[in-house]
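Please consult the sequence and the structure shown below while reading.

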Amino acid sequence: MLTLERLRADHAHALLAFERENREYFARSIPDRGDLYFVEFATRHRALLAEQDTGACQFHVIMDDRGELVGRVNLVDIEEGAAELGYRIGERAAGRGMATAAVEEVCRLAATAYRLSALTAVTTLDNPASMAVLRRNGFTAVGDVRIGERPGTRYQRRLGAMN
């Protein structure tokens with residue numbers, strides 16, 4: 001059981017703790033955010049909220065059934081009915097279907113609440129779990145990309161048919 005909550009100012013403390021706790025875990029499959037991300041977290045959090053207020057992005061935290069923050073799922077670069085999907089699930093919640101369920105829910109929100117018609121996503125080739133989450137949610141591989149120094153794949157999904 002999970003709940004998506006649209007990012008708010010009062011999520012800052014839990015979100016920073018989540019990112020710190022999972023930094024090494026995430027760095028195994030995606031480029032590290034770097035030390036500056038953590039040093040400037042409060043300023044960055046406020047900037048994300050301001051960006052969200054413009055409608056250019058929609059940021060969400062994933063809460064488990066105990067009310068603990070276990071991940072995040074975001075829609076960024078919203079433009080002309082499309083956005084890029086990104087998500088992270090913490091190590092303690094990995095392998096329990098949280099990413100699949102969170103991506104499913106944000107796809108539903110993207111089509112209904114945000115009125116989007118298409119999503120893209122990217123993942124590294126050394127992250128088969130992420131590739132599986134995208135495929136289970138109706139995304140199709142459409143091309144090769146580089147994510148930092150790592151090779152990856154770009155995925156796309158049209159919204160509406162599965163929502």
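Leaving aside its neighbours within four places in sequence, with which residues is arginine 88 in contact?

## Basis of the report

The model is predicted: local features need pLDDT of at least 70, side-chain atom pairs count only at pLDDT 80 or more, and totals for chains, interfaces and linings use all residues. Residues are numbered from 1 along each chain as its sequence is written, and side-chain values use heavy atoms, with hydrogens and water left out.

## Arginine 88

Arginine 88 lies in strand S4; helices (H or I, at least four residues) and strands (E, at least two) are DSSP runs, numbered from the N terminus. With neighbours within four places in sequence set aside, arginine 88 is in contact (heavy atoms within 4.5 Å) with Phe18, Glu19, Phe26, Ile30, Arg33, Ile62, Val70, Gly71 and Arg72.

The relative accessibility of arginine 88 is 11%, so this residue counts as buried; buried means under 20% relative accessible area, exposed over 50%, and partly exposed in between, with a 1.4 Å probe and protein chains only. The side chains of arginine 88 and glutamate 19 are joined by a polar contact of 3.0 Å. A polar contact is a pair of N or O atoms within 3.5 Å; within protein, one must be able to donate a hydrogen and the other to accept it, and residues adjacent in sequence count only if both atoms are side-chain atoms.

## The cavity

Rolling a probe the size of a water molecule over the atoms shows where empty space is left. On a 1 Å grid over the protein atoms alone, a cavity is a set of points where a 1.4 Å probe fits but cannot get out, and a pocket is an open set with protein on both sides within 12 Å along at least five of seven lines; lining residues have an atom within 4 Å of a point. Grid points are joined across faces, edges and corners, and a volume is the space filled by probe spheres set on the points.

The structure holds one cavity of 30 Å³ or more, and the volume of the largest cavity is about 50 Å³. Its lining consists of Glu19, Arg23, Phe26, Ala27, Ile30, Pro31, Asp32, Arg33, Phe38 and Arg88. H2 gives the most to this lining, with three residues. By class, the lining of the largest cavity has five nonpolar, no polar and five charged residues; Ala, Val, Leu, Ile, Met, Phe, Trp, Tyr, Cys and Pro count as nonpolar, Asp, Glu, Lys and Arg as charged, and the others, Gly among them, as polar.

The largest pocket contains about 1,000 Å³ of space. It is lined by 38 residues, of which Ile30, Gly86, Tyr87, Arg88 and Ser130 are the closest to its centre. The elements that give two or more residues to this lining include helix H4 (41–54), helix H5 (98–112) and helix H6 (128–136). S4 gives the most, with six residues. The lining of the largest pocket has 19 nonpolar, ten polar and nine charged residues.

The second largest pocket has a volume of about 190 Å³. Among its 15 lining residues, Glu21, Glu68, Leu69, Val70 and Arg92 are the closest to the centre. Helix H1 (12–21) and S3 each supply at least two lining residues, and the largest share, four residues, comes from H1. This lining divides into six nonpolar, two polar and seven charged residues.

Asparagine 74 is placed in strand S3 and, at 12% relative accessibility, counts as buried. Its side chain reaches the backbone nitrogen of histidine 60 at 3.2 Å. Apart from neighbours within four places in sequence, asparagine 74 is in contact with Gln58, Phe59, His60, Glu84, Leu85 and Gly86.

Glutamate 51 is found in helix H4. Its relative accessible area is 32%, so glutamate 51 is partly exposed. Not counting residues up to four places away in sequence, glutamate 51 touches Ala56, Cys57 and Phe59.

## Cysteines

The count of disulfides (pairs of cysteine sulfur atoms within 2.5 Å) comes to zero. Cysteine 57 is in no disulfide, and the nearest cysteine sulfur, that of cysteine 107, is 16 Å away. Cysteine 57 is buried at 2% relative accessibility, and cysteine 107 is buried with a relative accessible area of 0%.
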